[in-house]
Amino acid sequence: MAVVTITRQYGAGGSLVAQLVAERLGWTVIDNEFVGEVAKRAGLPPEDVAAREERAPSLLERLAAALALAAPEMVGPAAQVEDAEADEPRLIRITEHVIAEAAAQGRVVLVGRGASAYLGTAGEGAEALHVYVVAPTAARVRAVMERQPQSEAEATRAIHEIDAARERYLERYYRRRRDDAANYHLVVNTAWLGYDGAADLIVELAHRLGLA
């Protein structure tokens, strides 16, 4: 399967790097918002999702249809899926199905959501390229402040809180430490490489591994 997973520290620009990688490879980015939208749309009947305006269904629509067919017990009316935030284990299973379906179709860059942990540890024979996007705290604080006007203290607090939440997610559901470099094929520092430089390295490695 042709897949790149991006795990990232908050403020390191992982989503930006993922977008650049996808553009250069001609692939699709699947980020947190995308996964959430698939979970909502999964409640639609597959025939309604796949047949939209007499056009080829989008990747999002194909994933929603595949999820509804493969795991109908996990989805129901769209409103029920939206309310499922109170049922985290169920949402985790839905998310994993979305990741699995996306990976099976290939040519995707998966951002966050424990995709690297779910698809497997980096190593010889791995079927996906796993990347960890990092940057020093000071650089991330500046990036967060530029993206969303706030004080340095607020940006620093947001970084610590969001990173801690992402770490808890991986530890709770996958028994994995996010900062363990052995889980990745490549760790890129965007403060040093820049977003374009990081994307260049990822694309080059994807070609070397025969994924693209």
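Y169 and Y173 both lie in helix α9 (residues 152-174), four residues apart, which is about one turn of the helix; helices here are DSSP runs of H or I of at least four residues and strands are runs of E of at least two, numbered from the N terminus. The model is predicted, with local features requiring pLDDT of at least 70 and side-chain atom pairs counted only at pLDDT 80 or more, whereas totals for chains, interfaces and linings use all residues. Residues are numbered from 1 along each chain as its sequence is written, and side-chain values use heavy atoms, with hydrogens and water left out.

Three aromatic pairs are counted in the model, where rings of Phe, Tyr and Trp (its six-membered ring) pair if their centres lie within 6.5 Å, and planes under 30 degrees apart count as stacked, over 60 as edge-to-face and the rest as tilted. The pair of Y169 and Y173 is tilted, at 5.5 Å centre to centre and 55 degrees between the planes. Y169 counts as buried because its relative accessibility is 18%, and Y173 counts as partly exposed at 23% (buried, under 20% relative accessible area; exposed, over 50%; partly exposed, in between; 1.4 Å probe, protein chains only). The rings of Y169 and Y174 have centres 6.5 Å apart and planes at 50 degrees, so this pair is also tilted. Y174 is buried, with a relative accessible area of 17%. Y169, Y173 and Y174 form one aromatic cluster.

Helix α9 also packs against helix α8 (residues 137-147): the two axes come within 9 Å and cross at roughly 110 degrees. Axes are lines fitted to C-alpha atoms, for helices over the stretch in contact, and angles run from 0 to 180 degrees between N-to-C directions. The helices α8 and α9 are therefore roughly perpendicular, a term that covers angles of 65 to 115 degrees. At this crossing, T137, R140, V141, V144 and M145 of α8 meet E152, A155, T156, I159 and D163 of α9, contact being heavy atoms within 4.5 Å.

Five strands form an open sheet with parallel pairing, in the order β2-β3-β1-β4-β5; two strands pair if DSSP finds at least two bridges between them. Strands β2 (28-30) and β5 (186-189) are the edge strands, each pairing on one side only. From one strand to the next, the twist averages 25 degrees. Strand β1 (residues 3-8) runs parallel to β4 (residues 129-134) and is joined to β4 by five bridges; V4 has L129 as its bridge partner in β4. Helix α1 (residues 14-25) lies across β1, β2, β3 (108-111) and β4, running at about 175 degrees to β3.

Technical notes:
Angles under 35 degrees count as roughly parallel, over 145 as roughly antiparallel, 65 to 115 as roughly perpendicular and the rest as oblique.
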